[in-house]
Amino acid sequence: MKKILVSGVQPSGRLHIGNYFGALKQFVDLQDEYETRIFIANLHALTTLQNPEELKKISRELVLDFLAIGLDPKKATLYYQSDVPHVTELAWIFSCLTTMPELMRAHAFKDKEAKNADINVGTFNYPVLMAADILVHDADAVPVGKDQKQHIEIAREVARDFNNVFGELFKEPKELILEAVETVPGTDGQKMSKSYGNTIPLFATDEEVDKAVMSIVTDSSGEYPENVFKIHQLFRTNDELDKIYTENKGQYKKLKELLAEDIKNFIRPMRERREEWAGKMDEVDKIVAEGGKKMREVVHKKMVEVRERVGLIHND
Ligand code: ATP
Ligand code: MG
């Protein structure tokens with residue numbers, strides 16, 4: 001039996017190169033080795049996106065994106081998180097075992113709380129729903145960017161808490177983080193994030209790439225313009241970059257043009273593959289619906305055990 005890989009991406013905006021290099025590329029690279037299950041985290045996205053038309057649109061587009069980067073529906077199951085409603089039930093059970101101080105320590109929560117006093121309970125509970133998403137599959141591996149490391153640690157704690165109280169039932173998952181690309185910076189130098197408006201979209205047009213790259217903040221105390229260089233590292237080896245950055249020392253505009261060229265060449269074939277899939281939306285919708293059906297069956301079996309273990313009488 002293959003080991004199980006699970007990961008999710010929120011349909012909270014357009015995918016960017018940080019998502020790709022930090023997490024999504026690993027899904028593609030590992031789909032032969034692992035039984036791969038990738039979900040569109042539309043319930044998580046509700047914490048920030050409360051516009052039904054927009055949520056539906058981005059959710060479907062994210063399926064397209066997954067197919068365009070090379071996830072093969074024969075190897076990887078793609079599904080909407082909301083098509084497996086058991087996870088919200090499990091999240092409730094887990095939230096009865098998780099303490100407030102545990103969740104208050106989460107960096108993502110603290111950052112968001114600092115920016116928004118009216119933060120919603122969903123945002124606070126985000127790691128618990130994420131624990132349910134992962135643990136319900138008995139996942140072995142969870143490829144993510146570094147910003148999710150602490151959330152996977154919380155998932156392991158949740159598994160331990162449950163196992164201590166109700167007896168061994170959940171496996172402790174391991175995060176797979178690629179050190180070299182663990183946090184891709186955005187055009188403003190902060191973590192590139194869909195919700196920060198600082199992205200280079202993964203399927204950007206050439207014009208969009210030019211515009212985003214030219215807007216990269218370049219003030220730098222080091223030898224090279226730091227943010228430009230860090231993003232460039234995704235596309236070339238350090239040896240190649242040393243040569244390029246030495247030859248064009250101090251010429252930030254030129255360096256940005258070279259970076260933009262590399263990004264455009266990288267994106268073009270994926271964007272074209274995406275356009276092909278976009279012409280077959282019926283097929284795309286079918287793939288994700290079938291994925292949901294398959295996962296519901298798998299997850300249902302696990303939930304029958306969970307309900308039994310915690311003492312919930314159920315009649316189905
Ligand atoms: P949002 O701003 O809505 O949280 P996001 O860009 O952070 O969006 P998520 O859907 O939260 O994207 O994360 C999807 C995956 O991409 C996660 O595994 C996350 O760790 C990874 N990821 C997100 N941003 C980066 C980044 N800048 N560098 C590396 N990995 C990233
Ligand atoms: Mg995020």
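Helix H3 (52-68) gives the most to the lining of the second largest pocket, with six residues. Helices here are DSSP runs (H or I, at least four residues), numbered from the N terminus. This is a predicted model, in which local features need pLDDT of at least 70, side-chain atom pairs count only at pLDDT 80 or more, and totals for chains, interfaces and linings use all residues. Residues are numbered from 1 along each chain as its sequence is written, chains are lettered from A and ligands numbered from 1 in the order in which they are written, and side-chain values use heavy atoms, leaving out hydrogens and water.

The second largest pocket has a volume of about 250 Å³. Of its 16 lining residues, Arg14, Glu61, Asp65, Phe203 and Arg274 are the closest to its centre. A pocket is an open set of points on a 1 Å grid over the protein atoms alone where a 1.4 Å probe fits, with protein on both sides within 12 Å along at least five of seven lines; lining residues have an atom within 4 Å of a point. The volume is the space filled by probe spheres set on the points, which are joined across faces, edges and corners. Helix H12 (252-278), like H3, supplies at least two lining residues.

Now to ligand 1. Among the 21 residues around ligand 1, Ser12, Asp147, Lys191, Lys194 and Ser195 come nearest; "around" means a heavy atom within 4 Å. Some polar contacts (pairs of N or O atoms within 3.5 Å) are listed here:

| Residue and part | Ligand 1 atom | Distance |
|---|---|---|
| His16, side chain | oxygen | 2.7 Å |
| Gly145, backbone | oxygen | 2.8 Å |
| Met192, backbone | nitrogen | 2.9 Å |

How values were computed. Polar contact = N/O pair within 3.5 Å; in protein donor to acceptor, adjacent residues only side chain to side chain.
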